[in-house]
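Trainee: I'm new to this one and would like a quick tour. Can we start with a term I'll need?

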Amino acid sequence: NTCCESGSAFSRRKEIKNEKERNGSKNVQFAEVTSQKHVNGREPIHAVSEKLKKLVPEAFQSINERQCSKFLSEMFVDECRIFKEIDERIVRYIRTSANNFEILSMVVDVDNFSRTVKADGNHSSIIESLETTLQGNARAAINDFINEQLKYIKSQRPDPRYVGILSPFRKFPSFLDRIMAVWKECTKAISRDSSSHFDVAKTSENILDGNLRKMVFTLFEWVNSIADSKPKYRNIVISENMYFFFRTVSDRKLEFLGDLVSSSYEAFEVSSDAYVVSSVEYHFKGFREFVDEVEVLLERTTYEDLKFVKPREDMRRIVAKVSKPNIEAAIGQFQDRLIKHFKSDSLLRPLIATKFFKYFCSKYKSLEKIAYKCYGEILHPSHGEVLSWLNGQDPVNESF
């Protein structure tokens, strides 16, 4: 049995040896075939390896490289566990934050961070995604905050007979100050810490200009709707609130609101002038209409012929309404109406009174010229006397 076993083992070793020789011959044949393919102009094996490296790069990485790639893939690409958690925390913080002015500062910081990253040529998808999440949600939060203010403005329905400066107009300057203080503080810090130039005006176009201008447009539309609800008080409401806006916002010298500040002053001028005209007519019935009508007639006739169109009695009746006693009484009544219509904090009483005096004097001068050239009569008091007397009136007195 031992001899048989030894012979069997020997035979087995011989078979294994022959098998190895046959395999070696096959390997040689494979190498020859490969070499032949190269000779025939086909791709060499190293070219095939380069293609594989592009298609399956992990196959050519070291063990450490594979582990690192796997870790980054699990963390940021496949499941994004850490990154998703950061995103969720950012969104949750922004959406639940009660400090909207802090959110505004975040917008500034992210804008600067974005410019810095792009300037350095860094285009990490992770950083860009984080930036997009923070910037998008912060801006959305600011837009929502502004929209809440717009809803508040539109919801107010005061009675224009007693309002004075309306609450949304009164609150706007302090609201503007808070936003601009946050903005300027952030941009100053960025300017100190960054070697790159930081253009506040350019950045403000992205979120400040649009939202604040939208608020102002809403304020203007709203105040007009309130004024239109009581046409009798329209000129008072518009004058007080538009002048307040002009006076307070122009002092802040914000270039991106410059055209709206000018619009507010124009609205004030139109409404205050209309108030003055109606006041002159109220206190001197027919005086303004007579002068205006005669001035229109003189465009197509002469002073000498005017008396045939407008009888002397019409002129004398109007002159009697603007006698010195009547002027003195009308001025006192006008000042009482100013106190009733315009609140002292609007600072409009002396301005409107001055407008009233100038407008009345201009019409009185026209009447004096008409009386002399058309009817040969001299008015007493003269325009110069009325002007001197009214200039001596101090519209800014204790009652004002």
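This is a predicted model: local features need pLDDT of at least 70, side-chain atom pairs count only at pLDDT 80 or more; totals for chains, interfaces and linings use all residues.

Trainee: Where does Leu-347 sit, and what is its phi?

Mentor: Leu-347 is in the loop between α14 (324-341) and α15. Its phi is positive, about 60°, and Leu-347 is not a glycine. With 43% relative accessibility, Leu-347 counts as partly exposed.

Trainee: Okay, zooming out. How many helices and strands does the protein chain have?

Mentor: The protein chain has 16 helices and 0 strands. It has 400 residues, and 36% of them count as buried. If you take contacts between residues at least 6 apart in sequence, 75% of them join residues at least 24 apart.

Trainee: You mentioned α10. What span should α10 have?

Mentor: α10 has 26 residues, so at 1.5 Å a residue it should span 38 Å. The C-alpha atoms at its ends are 38 Å apart, which agrees.

Trainee: And α15, what should that span?

Mentor: The 27 residues of α15 should span 39 Å at 1.5 Å a residue. Its end C-alpha atoms are 38 Å apart, and that agrees too.

Trainee: At what angle do α10 and α15 pack?

Mentor: Helix α10 (residues 258-283) packs on helix α15 (residues 349-375) at about 60°, and their axes are 9 Å apart. That makes α10 oblique to α15. The crossing of α10 past α15 is right-handed.

Trainee: Which residues meet there?

Mentor: On the α15 side they are Ile-352, Lys-355, Phe-356 and Tyr-359. On the α10 side they include Phe-268, Tyr-275, Val-276 and Val-280. By class, the contact of α10 with α15 has 8 nonpolar, 3 polar and 3 charged residues.

Trainee: Which residues of α10 are buried?

Mentor: Among them are Leu-260, Val-261, Phe-268, Tyr-275, Val-276 and Val-280. Glu-281 and His-283 are on the buried list as well.

Trainee: How do α10 and α11 cross?

Mentor: The axes of α10 and helix α11 (residues 287-297) come within 7 Å and cross at roughly 110°. The two helices are therefore roughly perpendicular to each other. In that contact, Val-277, Val-280 and Glu-281 of α10 meet Phe-287, Arg-288 and Glu-289 of α11. The classes there are 3 nonpolar, no polar and 3 charged residues.

Trainee: What does Glu-377 touch?

Mentor: Setting aside neighbours within four places in sequence, Glu-377 is in contact with Arg-312, Met-315, Arg-316, Ala-371 and Tyr-372. Ala-371 is in helix α15 and is buried, with a relative accessible area of 0%. Ala-371 and Tyr-303 are 68 residues apart in sequence, with their C-alpha atoms 9.6 Å apart.

Trainee: Is the peptide bond from His-380 to Pro-381 cis or trans?

Mentor: That bond is cis, with omega near 5°. Pro-381 lies in the loop between α15 and α16.

Trainee: Last stop, Phe-172. Which helix is it in, and what does Phe-172 touch?

Mentor: Phe-172 lies in helix α7 (residues 167-193). It counts as buried, at 3% relative accessibility. Leaving aside neighbours within four places in sequence, Phe-172 is in contact with Met-215, Val-216, Leu-219, Phe-245 and Val-249. Phe-172 and Met-215 are 43 residues apart along the chain, and 9.1 Å separates their C-alpha atoms.

Methods:
Residues are numbered from 1 along each chain as its sequence is written. Side-chain values use heavy atoms; hydrogens and water are left out. Axes are lines fitted to C-alpha atoms, for helices over the stretch in contact, and angles run from 0 to 180 degrees between N-to-C directions. Helices (H or I, at least four residues) and strands (E, at least two) are DSSP runs, numbered from the N terminus. Angles under 35 degrees count as roughly parallel, over 145 as roughly antiparallel, 65 to 115 as roughly perpendicular and the rest as oblique. A crossing is left-handed if the near helix is turned anticlockwise from the far one by less than a right angle, and right-handed if clockwise. Contact means heavy atoms within 4.5 Å. Ala, Val, Leu, Ile, Met, Phe, Trp, Tyr, Cys and Pro count as nonpolar, Asp, Glu, Lys and Arg as charged, and the others, Gly among them, as polar. The expected span of a helix is 1.5 Å times one less than its number of residues. Buried means under 20% relative accessible area, exposed over 50%, partly exposed in between (1.4 Å probe, protein chains only).
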